[in-house]
Amino acid sequence: MTRRKTITSLKNFPLFFSPAIILIVFFVAYPVLQTVYISFFSPTEEFVGLGNYFDVLSRKEILNVEGFPKWPPLGALIHNLLWILIHLPLSMFSGLVLAVILRDVKGASIVKSAIFLGMVTPLIVGGIILRFTFERGVGIVNAFFNVLGVEQLARTWTAYPETALFALIFGSVWLWTGFSMIIYSAGLATIPKEYYEAAKIDGATPFRTFFRITFPLLKPMTITVVTMTILWELKIFDIVFVATRGGPGWASTVLAYQMWLYAFRDLNFNNAAAVATFLTFLTLFVTIGMIRYMVRR
Amino acid sequence: MKIRKSTIIVHIIAWSVALIWILPFLGVLMAAIRPFPEILHGWWNFAEFNPSLKNFVEAWSHSSAPLGQGMLNSFLVAIPSTLIPMFVASLTGYGFARFSFPIRDYIFLTVVLIMALPQQMIAVPIFQIMTSLGLVNNYISLILVHSAWGLAWIILFMRNFFLRLPIEIEEAAKVDGASDFKIFYKIVLPMALPALASVAVLQFMWVWNDFFLALILIQSPDKLLATQRIPLMREVHHVDWSVLSAASILVMLVPILIYVLLQKYYIRGMIGWTVKG
């Protein structure tokens, strides 16, 4: 990195930095540290070390060991991981395919807007819409499976433990695909046309062109999409809150929702803090991976 | 011109995907403009079709959660929660872009780490702070937290923008004896208007769409925001999907209109803070 020219001495430092520092210290930094701090204490303010962490990780709504290898409920932690395993490849792949094929499609901007609508929709509303779509009678998913003759899937998905979580995950693919599509579209626009002309002259097939030129050049976008998508999946809250309330039973609960239940229903701030800290640990793990990649670059 | 077979296939795929993607929205729209009994066997069932705006009126002045009040409340929160961090973060972003001090290059790291935080990580202490200040149920609490929460990405975004501005104009003003703040306010900020528009669009949408922070800080029924009223419209045993759909459309209409009208700024903001870094 070249050194940039700077025009100013430090004399006005407070003017430019103090408002932001005050806001961040009071409403971000202090609360974060305080959450970590209380996660090591019992509600009676005794120091319990990692006690709260062992406590929450041994609860069946966080980690339901007996549930394996059957259907949910498997615990919020596993549900979050399932969310990543299913949602990440589906939304990333469909976004990439759409971005690639939409380059040669007439009216691509209309198609893009239709798919991007999910990204603009408040997640609370997104949760309502996906609940509606999976509802028996009024929803189209059940009508679809009725036509196919698959009776077991032609019902209110969110009302059964076997399907509730998957309804939310598939619904969230529908909401989030616009993100990877937009990021990949922006990335594709930066690839010089000459590369493709050269590939054409060499007689490369479209598949070869894609795997040898397009996908490698999109690597920075892939890193961004993977990171942001995993962060989004770990932070899932609104959809679960409005569509299933984590239910039926614990079948579709997630870490963020469970934290809220512990804190504001059970009023156990210490357990809630442990879940929040654990969740943050997971998000930081993902983020640090991305930073290390960007620094190496 | 000869049309190739592959071109046709690609078009069919693209347009069918768009159609599938739009179906859930279409369903909600159809439910919203028709009486509930009509859609009991599917919104695609047009045996009877009596469209009206009745459901919207009912949602707007719903008995347990009037949405009109909620929309107004959401604007009251979202507008200051957009303007405050916009201005504060512009100051700081400019500072990072122009002042010389040693830790400047670590700002990126800090900001990205803050962006990774789940809101749950601040929820309990924020609730406790605001309770002790007597600010629960007061929009000031929500505005302050939204402002602080949005600062990180806006600082990063504005810093990246300011780094690309030519420094010569500012140097000339400096020679003429203008103060740092005057240069910032009179010269730099007006040049930053396109970037500020992107920031405003994204931040406003995030605050409008937010649910979790409001859930924690605002509890009295008349102060609930628009997103908080949606779950309340679902009764335990009976869901009137028509009214609920109408309410959903009203709440999503605001971000969608902003997206449609200011798409250029939205996309620029979206790509700016995720890809550039």
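Trainee: How should I read the numbering, and what was counted?
Mentor: Residues are numbered from 1 along each chain as its sequence is written, while chains are lettered from A and ligands numbered from 1 in the order in which they are written. The model is predicted, and local features need pLDDT of at least 70, side-chain atom pairs count only at pLDDT 80 or more, and totals for chains, interfaces and linings use all residues.

Trainee: What confidence does the predictor give?
Mentor: For the complex, the ipTM is 0.89 and the pTM is 0.90. Chain B has an average pLDDT of 87, with 94% of its residues at 70 or above; pLDDT is the predictor's confidence in each residue, from 0 to 100.

Trainee: How many helices and strands are in chain B?
Mentor: Chain B has 13 helices and zero strands. These are DSSP runs numbered from the N terminus, with helices (H or I) of at least four residues and strands (E) of at least two. Chain A also comes to 13 helices and zero strands.

Trainee: What are the dimensions of chain B along its principal axes?
Mentor: The C-alpha trace of chain B spans about 75 × 70 × 30 Å. Its radius of gyration is 24 Å, whereas a compact globule of 277 residues would have one near 19 Å. That radius is taken over C-alpha atoms, and the globule rule is 2.2 Å times the number of residues to the power 0.38. For chain A the trace spans about 75 × 75 × 30 Å.

Trainee: Which domains are assigned in chain B?
Mentor: Domain 1 covers 5–52 and domain 2 covers 63–276; the bounds come from an automatic or database domain assignment. Their C-alpha centres lie 34 Å apart. Eight residues of domain 1 of chain B are in contact with seven of domain 2 of chain B, contact being C-beta atoms, placed from the backbone, within 7 Å.

Trainee: And how many residues of each chain take part in the contact between A and B?
Mentor: Chain A contributes 77 residues and chain B contributes 83. On the chain A side, helix H1 (residues 13–38) gives the most, with 15 residues. That side of chain A has 60 nonpolar, 12 polar and five charged residues. In this classing, Ala, Val, Leu, Ile, Met, Phe, Trp, Tyr, Cys and Pro are nonpolar, Asp, Glu, Lys and Arg are charged, and the others, Gly among them, are polar.

Trainee: Which residues touch the most other members of the largest nonpolar core?
Mentor: They are Met259(A), Leu151(B), Ile155(B) and Ala247(B), in a core of 170 residues. A nonpolar core is a set of buried Ala, Val, Leu, Ile, Met, Phe, Trp, Tyr and Cys residues joined through C-beta atoms within 7 Å. Helix H6 (residues 139–163) of chain B gives the most to this core, with 16 residues. Among the residues that Met259(A) touches are Leu279(A) and Gln120(B), not counting residues up to four places away in sequence.

Trainee: Why does Phe49(B) count as exposed?
Mentor: Phe49(B) counts as exposed because it has 10 C-beta neighbours inside 10 Å. With C-beta atoms placed from the backbone, a residue is buried if 20 or more others lie within 10 Å of its own, exposed if 12 or fewer, and partly exposed in between.

Trainee: Where is Phe49(B) placed in chain B?
Mentor: Phe49(B) is in the loop between helix H1 (5–33) and helix H2 (54–60) of chain B. Its C-alpha atom is separated from that of Phe181(B) by 62 Å.

How values were computed:
Two residues are in contact if their C-beta atoms, placed from the backbone, lie within 7 Å.
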